[in-house]
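Please look over this model with me.

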Amino acid sequence: MKTFRLKGLRLLLEKDTEPGQEKIELHEGLVINREEGGWWLLEVVVDADAKKVFDQLKEQETDVMMEVIISHENNDPATMVGRIRSGRELESTYSYLIDSKMAMKKEDVFNYILDSLIADGYTGDQLIEEFKNRKADNANWSQQMARSLYEQYREKGSPLSE
């Protein structure tokens, strides 16, 4: 197993027809690559505001799409799908364990952005410039990717059930 620091977490919650983004303020966090069947374990330590979100996800046994920033704040986020395994109260914070799998690789995200640019008619230098712009706009493509992934999961089922 390999363990990394969790430096950032944003939940891409399914709300109506559009995934909503919720940045989670972390007190601490770990990401563990279990190196078995693609499974990862996240431990997040959060305050009472985030507790409400995690408790609701746990109670509903809902899969949640997440953007996870590992090791360094400037790293590109990894897109994961997870389910809350457990939660417990600490002294003044709350700890949650999340079983998860990678939803897509970084190159999948880049391919998605390129495909959308080609579909929008970009070519040549305009394609390169717009690719840089869209790649930098994490919030927008994250929402598009989450929408696409949630649609796939409704059709094919959760990857966490495998």
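1. Ground rules. This is a predicted model: local features need pLDDT of at least 70, side-chain atom pairs count only at pLDDT 80 or more, and totals for chains, interfaces and linings use all residues. Residues are numbered from 1 along each chain as its sequence is written, and side-chain values use heavy atoms, with hydrogens and water left out.

2. Start with S5 (64–70). Helices (H or I, at least four residues) and strands (E, at least two) are DSSP runs, numbered from the N terminus. Seven of the seven residues of S5 are buried, so this strand is largely enclosed by the rest of the structure. Buried means under 20% relative accessible area, exposed over 50%, and partly exposed in between (1.4 Å probe, protein chains only). Val64, Met66, Val68 and Ile70 cover one side of S5, while Met65, Glu67 and Ile69 are on the other.

3. Now its neighbours. Two strands pair if DSSP finds at least two bridges between them. S1 and S5 pair in the antiparallel sense over six bridges.

4. Salt bridges next. The rule asks for a side-chain nitrogen of Lys or Arg within 4 Å of a carboxyl oxygen of Asp or Glu. The count comes to eleven. Arginine 34 and aspartate 99 form one of them (3.5 Å, N to O). Arginine 34 lies in the loop between S3 and strand S4 (39–46) and aspartate 99 in strand S7 (residues 94–104), so the pair ties together parts that are 65 residues apart in sequence. Arginine 34 is partly exposed at 22% relative accessible area, whereas aspartate 99 is buried at 17%. Arg34, Glu36, Arg85 and Asp99 are linked in a network of salt bridges.

5. Look at arginine 134 too. Its side chain meets that of aspartate 120 in a salt bridge (2.8 Å, N to O). Glutamate 130 also forms a salt bridge with arginine 134, with the closest N and O atoms 3.1 Å apart. Glutamate 130 and arginine 134 both lie in helix H3, four residues apart, about one turn of the helix.

6. Last, which strand gives the largest share of the lining of the largest pocket? S1 does, with six residues. A pocket is an open set of points on a 1 Å grid over the protein atoms alone, where a 1.4 Å probe fits, with protein on both sides within 12 Å along at least five of seven lines; lining residues have an atom within 4 Å of a point. The lining holds 19 residues, and Lys7, Gly8, Leu9, Lys23 and Leu26 lie nearest the centre.
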